[in-house]
Amino acid sequence: MRLNKYYLAAFSAFFIWGFFSLALKPLYNYPSLDILFYRVFFSVTTMLLINLCFRKKVLKKDWNQFKKMTAKQKRSVIVLTLGGGVFLSSNWFVFIYVMNHISVKAASLAYLICPILTTILAFFILKEKLSKWQWFAVIISIFSCVLLSLNHFEDIFYSLITAATYAMYIISQRKNSEMDKFLVLTIQLVFTALILIPFYPHYSGALPTESLFYGCLFVIIVCFTIIPLFLNLYALQGINSSAVGIMIYINPIIGFLIAIFYYKEQVTALQLFSYFLILVSIVVFNEKLIFARKLKMAPSEIEGLK
């Protein structure tokens, strides 16, 4: 794959997300639900301002496109968009809880499992086909998860829940391609905020007064939500989703390294072997995409040798 500005944008997005724990972990003393409340509310405010100030033409274009849709198409867009908002907010809450109350390893593991879990769900829900090698990769991944669950059931349990909520979000959005992606995400977060508002007075703690909370939240919203989201959307304009999909593994790999070397979380030999198997399954699953360039170049290389 030729390196260009689109690949660089995708790499940068997942590279940034890999350091998410550095901004989230300092908030471990705050309830996960409070962090979710403020992340959603502040993200909605920021994204609405971006749309209203810089994306008026996109809003007008998408609104006109929506009005031209049939009743069935409108219903599909509404259900997929709002349903995706439920899955995304659920993923945010579970991820925050796992990161701050279980372990950084468990949170990182979720995004190693997620692509494989997404594929399995796509097979059953969207009827997408899998090759024999891809099924073999799925089996390897499942086996590694079983190994990780030995004496660490809590970690693997929460990792699977985190991965499942994000996988369902991806599945629900694969068919939601009629509208601008950034606008769809904004609507989903607005919908999530409307759901959370009635619960806020009863389930939130005291209004945070520490500068640490708002400082970390600002970094989370700007550096780990808005900026990588823009980079990801920009990358998808120039390269396909499969190429971007491979780069998602940059995120959990960095997360594991931070968990081991910065937070000093203990990792057993069995866990390391299991992580290695997951990486093997990733390579096997994506072997056609990874080695596609070599296969395409082979004939020209042969001609050059003649």
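## A nonpolar patch on the surface

Helix α14, which spans residues 269–285, supplies the largest share of the nonpolar patch, namely 3 residues. In this predicted model, the patch lies on the surface and is formed by Phe143, Leu150, Leu270, Phe273 and Phe276, which together have about 480 Å² of accessible area.

Phe143, one of the residues of this patch, is found in helix α7, which runs over residues 132–149. With a relative accessible area of 46%, Phe143 is classed as partly exposed, because that class covers the range between under 20%, which is buried, and over 50%, which is exposed.

## The chain as a whole

The protein chain has 16 helices and 0 strands, and buried residues make up 46% of its 306 residues. The chain exposes about 16600 Å², and carbon and sulfur atoms supply 70% of that area.

When contacts in the protein chain between residues at least 6 apart in sequence are considered, 88% of them join residues that are at least 24 apart.

## The nonpolar cores

The largest nonpolar core has 69 residues, and those with the most contacts inside it are Leu24, Val40 and Leu109. Helix α6, covering residues 104–126, contributes the largest share of this core, with 10 residues. Apart from this core lies another one, of 7 residues, which includes Ile120, Ala137, Val138 and Phe285.

If residues up to four places away in sequence are not counted, Leu109 touches Leu148, Ile156, Ser159, Phe256, Tyr275 and Ile278.

## A buried arginine in a loop

Arg55 is found in the loop between α3, which covers residues 32–54, and α4, which covers residues 56–68. The relative accessible area of Arg55 is 14%, and Arg55 is therefore buried, the cut-off for that class being under 20%.

The side chains of Arg55 and Asp180 are joined by a polar contact of 2.9 Å.

Technical notes. Residues are numbered from 1 along each chain as its sequence is written. This is a predicted model: local features need pLDDT of at least 70, side-chain atom pairs count only at pLDDT 80 or more; totals for chains, interfaces and linings use all residues. Side-chain values use heavy atoms; hydrogens and water are left out. Patches are made of residues with over 30% relative accessible area and no salt bridge: like charges are joined within 9 Å, nonpolar side chains (Val, Leu, Ile, Met, Phe, Trp, Tyr) within 5 Å. Accessible areas come from the Shrake-Rupley method with a 1.4 Å probe; for residues, only the protein chains shown count as cover. A salt bridge is a side-chain nitrogen of Lys or Arg within 4 Å of a carboxyl oxygen of Asp or Glu. Helices (H or I, at least four residues) and strands (E, at least two) are DSSP runs, numbered from the N terminus. Buried means under 20% relative accessible area, exposed over 50%, partly exposed in between (1.4 Å probe, protein chains only). Contact means heavy atoms within 4.5 Å. A nonpolar core is a set of buried Ala, Val, Leu, Ile, Met, Phe, Trp, Tyr and Cys residues joined through side-chain atoms within 4.5 Å. A polar contact is a pair of N or O atoms within 3.5 Å; within protein, one must be able to donate a hydrogen and the other to accept it, and residues adjacent in sequence count only if both atoms are side-chain atoms.
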